[in-house]
Amino acid sequence: MTAAPTGIGARVKRTEDQRFLTGRGRYVDDLALARPTYAYFLRSPHAHAKIRSIDTAAAAAMPGVVRIFTGKDTAEAKVGSLICGWVVKDKDGNPHKAPGHPPIAIDTVRYVGDTVAMVVAETASQARDAAEAIKVDYQVQPACVDLARALDKGAAQVHPEAPGNLCYDWEIGVKADVEAAFAKAAHVTKLDLVNNRLIPNAMEPRAAAADYDAGTGQYTLWSTSQNPHVLRLILSAFVLGIPEHKLRVVAPDVGGGFGSKIFCYADETLVVWAAPRVGRPIKWTAERNESFQTDAHGRDHVTHAELALDKDGKFLALKVETIANMGSYLSTFSTAVPTYLYATLLAGQYTTPLIYANVKAAFTHTAPVDAYRGAGRPEATFVIESIVSKAAAELKIDPAELRRRNFIPSTAFPYQTPVALQYDSGNYPPIIDEATKVSDYKGFEGRRAEAKSRGKLRGIGFSSYIEACGLAPSQVIGQLGGGVGQWEAAQIRFNPTGNVQVLTGSHSHGQGHETTFAQIVSDKLGVPLEQIEVVHGDTATTPFGMGSYGSRSLAVGGSAIMKAADKIIAKGKKIAAHLLEASVADIAFENGTFKVAGTDKAVPLGQVVFAAYVPHNYPITEVEPGMDENAFYDPANFVYPAGTQVCEVEIDPETGTTEIVSFTAIDDFGNIINPMIVEGQVHGGIVQGVGQALLENAVYDKSSGQLISGSFMDYTMPRADDVPSFKVGYKVTPCPHNPLGVKGCGEAGAIAAPAAVMNAVRDALGPLGVRDVPMPATPLAVWQTIQGAQRKAAE
Amino acid sequence: MSISVSMTVNGKAVSGKVEARTLLVQFLRENLSMTGTHVGCDTSQCGACVVHVDGQSVKSCTMLAVQAEGAKVMTIEGLAPSADKLHPMQEAFRDNHALQCGFCTPGMVMSAVDMVKRHNYQLDEATVRRELEGNLCRCTGYHNIVKAILAAAPAMKAAGV
């Protein structure tokens, strides 16, 4: 692909950067509202307790307090339950258990951070001061915190509607067929894993501000949302009953999401609900400790997996048993994550013919768990890529070679996996070839020996991931229990003077859509980049859209823009035919100009647009005036990015410290619109994956349910000196079913990296007889593992 | 109880009434409506609120507004030399795609400018990474931030800033 200076494939500098670099970004908390009030939410300090009584009298008398609301108020006002929008049916065909989730706890609190009261005051400090004066009489109950034992008899019960804390017991694949394959296997590799719980920690804390106009009955919610239309739909149709046309949701500049800002939370619900009751605008911004306690967490699986291989190392079958944590209440898409976004990915890049997975989802007295960057796919990749590397070690086969032996051949696409998905395209061997080359895999043993001479343990790890993203074909989603469509919308609106607004249902919270989408339109319609404005994030101005998550913005949102551009061209051809006195069939469009094929007669798009708005010389009886086209795009399939990461680590056995000395990522994202932006997505994803592997861990005290890792002082976020610079590269197999030929790139880094890092750590410790290390492989965990291995060796 | 406080922010004399507990970042954001300086945490870890106070980088959430009485404060809004020209560090962030969501960016840029000056425009990758201890970014994986700062150091020297 030859890169035009600003078109598809060009490393265009981002147009949004000017405002972010000069302090002129506008995030929710930056919003200036007339006569604002401020909300503060009193949160439960207990993981599980009955509320005997709440006394707000002293608090209500505090300076500046405007109103205090409790669960009694919301219950009396019949505020609905927060919903889970995806029905997962268990083995017996019954829908998952769906206990109610009141925005303010009514008589029971179920996690540390559960909302107990809302204080509205003249200032944020006054609201907070008053909340401290609210007296809540709690009767503390035993809490269920340990996921591995949540389904055991005798575990504290989270909801009476979900006996035994079981939300669902779901399976995919035919167990008997898989067992039969295992019976014939030459080798079986077994693996027990804990996929550690993570806290998303977008740098901008969640925030919401609401205003109610009593004159028009119009509500406005400014929210840190990845999908403002979906949020509006949930609030309108399910929770608050505000007519959809009377609620405007604006998601302005949003400071990172990573999934945590997809969901409909209690906080924004209550701010909207309370606005007319207070009669003034209400603002709320989470303090970081509230983000830790109440943002939906990610991952949190306990898994046993077994892989059956034949004598040549070909995979015969895979079986996986997982307990997945739902937390205390079901967040918006929680049920889908450990099922349809997890078990359907267990084929990975391999021809494994038989797969069975059983997933039991459990309630615990912890914060809700939902999608976090990758959502199910990192968990699947961690299982597959861990067990494949373990099998390679057991069989003494080179891990890259074992992968190559089992890759789906490039001639087999479209490839139907045994777990529902049909991969549309891919070519995996050249990716791992490139990854081994870039990472100098051949030279590794030399580097290991050199490190050993310095007393260091060096290891190398592979992770060959696949993901299904670009969510998603609506009918498939419907068949699987999803409650929404998964198309995207776009509108291309020319102004009479020739500049363009591109209105998109996608939402940018760091991805750079304002640049990438403008590049697409510039490339397609020949309009200079600086004349294109991409508008997103406001239900009042943009078409109904599904928002951004699941690496869908370009594959689905970008495709909708392409469709709208096609309509612009089709209409423009009719106008141009009139202006050029030619037949429509003879008009060609190229580089922003309509031409009569085979002649030098031409008219630029700008002139056609002007004619459409000033239709004096115009085919007015056949063509409507104006140049403003919208399109909806529903994808034919998911897209399937794939790649291989190679991580090399060096461990100091004296301290247990792991240093990542080299990290390579070779990805197939299909066609690439802006390589600079794509590389940035890969870097960020890798570091979130490295964070999971080495640093990050959401820890609840197993008896009290207190969140121990509840601040940046306790929860180890990756810092600049925890990671190296990365070597990234691409192989391209265009997606065959979307007009841009693109796949998603936002989640890949985070999906693949935990297994790459952990395989490197395991490889480094392998010579000591170590089989596995718990994730995150913190210095303490690694050091203890080494000590354990040395004790064992001495026995 | 409110206290009067006066200081210079981005070259302009400003004053306002604050509570004793009002943080410098709150004074900037709430009293002066200068919302370029961000608050990303409550434990002085994230660095989104870094500004310069009397020429040194400071987390404006660790300082009371009254402690800045009489000080010269520079925020991200005051860094660029003019409306149509960016500071070399801002340029380098843009050229190297060192920002995504933009939330940590003001603090990152302000820390980076101070870092370059403290190291007399001489930096290497390891130093930059170590010096970024006090600034968290969740989007970029730091790769491009490190690149940008390394690129900005000679550019700042050449520009005499």
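Colleague: How many residues of chain B are in contact with chain A?

Modeller: In this predicted model, local features need pLDDT of at least 70, side-chain atom pairs count only at pLDDT 80 or more, and totals for chains, interfaces and linings use all residues. Residues are numbered from 1 along each chain as its sequence is written, chains are lettered from A and ligands numbered from 1 in the order in which they are written, and side-chain values use heavy atoms, with hydrogens and water left out. As for the contact, 45 residues of chain B touch 54 residues of chain A, where contact means heavy atoms within 4.5 Å.

Colleague: What area do the two chains bury between them?

Modeller: About 4,200 Å², with 53% of it on carbon and sulfur atoms. Buried area is the accessible area (1.4 Å probe) that two parts lose on being put together, summed over both.

Colleague: Which residues of chain B lose the most area to chain A?

Modeller: Those are Arg94(B), His97(B) and Arg138(B), which together account for 20% of what that side buries.

Colleague: And how many salt bridges cross the interface?

Modeller: The rule finds 4 between chain B and chain A, counting a side-chain nitrogen of Lys or Arg within 4 Å of a carboxyl oxygen of Asp or Glu. The side chains of Arg29(B) and Asp29(A) form a salt bridge at 2.7 Å, N to O.

Colleague: Which helices of chain B supply at least two residues each to that side?

Modeller: They are α2 (88–95), α3 (105–118), α4 (125–131) and α5 (143–159) of chain B. The most comes from α2(B), with 4 residues. Helices (H or I, at least four residues) and strands (E, at least two) are DSSP runs, numbered from the N terminus.

Colleague: Changing topic, what is the strand order of the sheet in chain B?

Modeller: The open sheet of 5 strands runs β2-β1-β5-β3-β4 in chain B, with mixed pairing. Two strands pair if DSSP finds at least two bridges between them. At the edges are β2 (12–18) and β4 (56–59) of chain B, each pairing on one side only.

Colleague: In which sense do β3 and β5 of chain B pair?

Modeller: Strand β3(B), residues 50–53, and strand β5(B), residues 72–74, are antiparallel over 2 bridges. His52(B) stands opposite Met74(B) of β5(B).

Colleague: Which strands does α3(B) lie across?

Modeller: Helix α3(B) lies across β3, β4 and β5 of chain B, at about 40 degrees to β3(B). Axes are lines fitted to C-alpha atoms, for helices over the stretch in contact, and angles run from 0 to 180 degrees between N-to-C directions.
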